Amino acid sequence: NLLRSFLTILGIVIGVAAVITMVTLGNGATKSVSDQISSMGSNLLMVMPGQRFGPGAIAGAPFRSDDADAVRNQITGARLVAPVVSKGATAVYQANNWSTVVTGTSNEYFEAGNWEIAAGRNFTESEERSGKAVCVIGESVRDKLFGRQNPVGSEIRIKQFACEVIGLLKAKGQSSMGSDQDDTVVMPLRTVQRRLSGSQDINRMMISVKAGASVDAVKNQLTDLMRERRNISENEDDDFRVMDTRQIAETLTATTKILTMLLAAVAAVSLLVGGIGIMNIML
């Protein structure tokens, strides 16, 4: 009976294909999350003011440049320390304009965050020291302002000042949180502090841990140093938080694994139904 045989085979084929597809999709999602986390930087710690969100949140004062210097000088396991300040601004080139995020930082930011220069160069020491109006832009900003042409050597306007584009970052795509990593304009820290923020405040610090050093040990040293510098007594909670990219990766990976198991269980129902169909026919 050809029809009966065909329907029997079809039930099993659909069940097996559903299980394989769901498991493959789940594993692909897990790998995608891992790749996105690794693109943020390996062995990376991020120190930010404030603790928790919503009710019971603890507000924290922003960091200062000497905090980054203290981390650089006193934490032996820290390989790179990049102070970061971010401000929203509109970038303008000829008739094109685009609202983006301007990041003020040092050259260590590029290496700590696994950024590669696709064209041009990063900052020189004199540009960082003097706060010169130069910038390195992301692929999304290049696309919105320049199209496909090479932006290096051109000038864009950020608020009321002109900024020379000296470099173009290699595209990274979306982050694990869904934001566009390439929608960025990176300038020397002093340039952003003087011309955009108007203060010496720092929003966060990125610390890359030396290879072979214990990330947990560096994390504990960072916490102790920041508590000391911010005059937090023993019975007070931290007014800052230290985030580890490994923890983010483990949390997101665990979530995708649970989803994979759930999808595989749903697909297994199709296989079970196919098996029951064959059993009925044979009986």
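## Salt bridges

A salt bridge is counted here where a side-chain nitrogen of Lys or Arg lies within 4 Å of a carboxyl oxygen of Asp or Glu. Glu139 and Arg148 form such a pair, with their closest N and O atoms 3.2 Å apart. The structure is a predicted model, and it holds 13 salt bridges.

The two partners of the Glu139 pair fall into separate accessibility classes. Glu139 has 17% relative accessibility and counts as buried, because the buried class covers values under 20%. Arg148, at 61% relative accessibility, counts as exposed, since that class begins over 50%.

## A buried pair and a network

Arg230 and Asp239 also meet through their side chains, in a salt bridge of 2.8 Å from N to O. Arg230 is buried, its relative accessible area being 15%. Asp239 is likewise buried, with a relative accessible area of 15%.

Salt bridges with shared partners join Glu139, Arg142, Asp143 and Arg148 into one network. The Glu139 to Arg148 bridge described above links two members of this group.

Another salt bridge connects Arg64 with Asp201, where the closest N and O atoms are 3.5 Å apart. Arg64 sits in the loop between strand E1 (44-49) and helix H2 (65-74), while Asp201 sits in the loop between helix H6 (189-197) and strand E9 (204-209), so the pair ties together parts that are 137 residues apart in sequence.

Both partners are classed as partly exposed. The relative accessibility is 42% for Arg64 and 22% for Asp201.

Val81 belongs to strand E2 (residues 78-93). This residue is buried, with a relative accessible area of 1%.

Leaving aside residues up to four places away in sequence, Val81 touches Ala68, Val71, Arg72, Ser106, Glu108, Met206 and Ile207. Between the C-alpha atoms of Val81 and Arg230 the separation is 18 Å, and the two residues are 149 residues apart along the chain.

## Nonpolar surface patch

Which residues form a nonpolar patch on the surface? They are Leu3, Phe6, Leu7, Leu10 and Ile14, and together they have about 500 Å² of accessible area. One of these residues, Phe6, is placed in helix H1 (residues 2-40).

How values were computed: Residues numbered from 1 in each chain as written. Predicted model: local features only at pLDDT ≥ 70, side-chain atom pairs only at ≥ 80, totals over all residues. Heavy atoms only, no water. Patch = residues over 30% accessible without salt bridge, like charges linked within 9 Å, V, L, I, M, F, W, Y side chains within 5 Å. Areas by Shrake-Rupley, 256 points an atom, 1.4 Å probe, with all protein chains shown as cover. Helix = DSSP H or I, 4+ residues; strand = E, 2+ residues; numbered from the N terminus. Buried < 20%, exposed > 50% of the residue type's maximum accessible area, 1.4 Å probe, protein only. Contact = heavy atoms within 4.5 Å.
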